[in-house]
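This report looks at how two chains meet, starting from one residue and widening to the whole contact.

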Amino acid sequence: MHAMLKGFIGPLGDDIPSLLAVLLALSLFFSALSFSFNAYNEKVKSFEKLKGAIDISRVVTQDGLITADLATLKNKATPTAMSYGVRFELAFKNGATTGPCGPDWLKFVYLVPYAPAGDLNAITLKRLEICVG
Amino acid sequence: MKLKAQSAVMDGIIFVLVCAAASTLMFYTASLYGASTNRQIITIYNYEYEGTALVTLHYAKDSAGNWFWLELKKILSKNTAQGDVEAYFRNKAAGVWDNLVASSPSQDSVLYFSGPSSFYCRGKTSASVACGALPADFSAKTVFSSSVNLIDDSFDSWEVSMQMYY
């Protein structure tokens, strides 16, 4: 009888080892769930940025021939950018720019005809860079 | 009692296995999520770029001050279209070609002319433009293509496609 009482915790003592396994399993599962949610949210943000960049580009290039300066084009596309919650900058390669692009911003390039101040005799082909972040 | 404890631990271990399998499935699904959407958006950008570039070519002028598209129509109306187009891109329209290729997101941008004959024009620079058949390895690449029709009373219509290979 005395030998049986040594180290005797009780009915709960039988369950403690299995409780450890259950707790490990639950923590593993919820960590995986949390990671999946974070991955999902990051991807959703990334898609919003991509979709925003495409729509901003459409607004900027919709007229075909660009006669306005970059600041005016930027103002034209700002409501679209705000609807996606992104920032963007425009730049002609080796030329005018509305501002610096961030290091991890997306960059989209388009070949556009540019007529400064609407002068149709001075149309040149320009590389327009649209960066979105 | 020993057996009860043993069975409880066994239940716990099985539960760990089930949770590990579910977690693995969740990791796998999380990595797959959005892959096709990403591809679709990249596809849209490529088509948007090509559409914009083809519109831009309507406003382009060659070094002699002639409208690019009108000169191209004149060249395509001749029987020697392929050779003449190649010479045009190497000389008078060199600036147009260089702008087209330099701004393209693809390393291999090609203009495909389809009409009474058909040929591809490609080259990293205007000096290296060559018109003819595409190399065989291009058939294995992903391609995005947009086209425009050149119609004139003096010739059968030609279709000019801009193709970007990845």
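In this predicted model, B:Thr52 touches A:Thr61, A:Tyr110, A:Leu111 and A:Val112, leaving aside residues up to four places away in sequence. B:Thr52 sits in helix H2 of chain B, which covers residues 35–57. With a relative accessible area of 13%, B:Thr52 counts as buried, because the cut-off for buried is under 20%.

The contact as a whole draws 36 residues from chain A and 38 residues from chain B. About 3,400 Å² is buried between chain A and chain B, and carbon and sulfur atoms give 75% of that area.

Polar terms across the interface are as follows. Seven residue pairs of chain A and chain B are in polar contact, both residues at pLDDT 80 or more. The count of salt bridges between chain A and chain B is one. In that salt bridge the side chains of B:Glu48 and A:Arg58 meet, at 2.8 Å from N to O.

On chain A, helix H2 (11–61), strand S2 (106–114) and strand S3 (124–132) each supply at least two residues of the side that touches chain B. The largest share of this side, 24 residues, comes from H2(A). Its make-up by class is tabulated below.

| Class, side of chain A that touches chain B | Count |
|---|---|
| Nonpolar | 26 residues |
| Polar | four residues |

Notes
Residues numbered from 1 in each chain as written. Chains lettered and ligands numbered in written order. Predicted model: local features only at pLDDT ≥ 70, side-chain atom pairs only at ≥ 80, totals over all residues. Heavy atoms only, no water. Contact = heavy atoms within 4.5 Å. Buried area = accessible area lost by both parts, 1.4 Å probe. Salt bridge = Lys/Arg side-chain N within 4 Å of Asp/Glu carboxyl O. Polar contact = N/O pair within 3.5 Å; in protein donor to acceptor, adjacent residues only side chain to side chain. Helix = DSSP H or I, 4+ residues; strand = E, 2+ residues; numbered from the N terminus. Nonpolar A, V, L, I, M, F, W, Y, C, P; charged D, E, K, R; others polar. Buried < 20%, exposed > 50% of the residue type's maximum accessible area, 1.4 Å probe, protein only.
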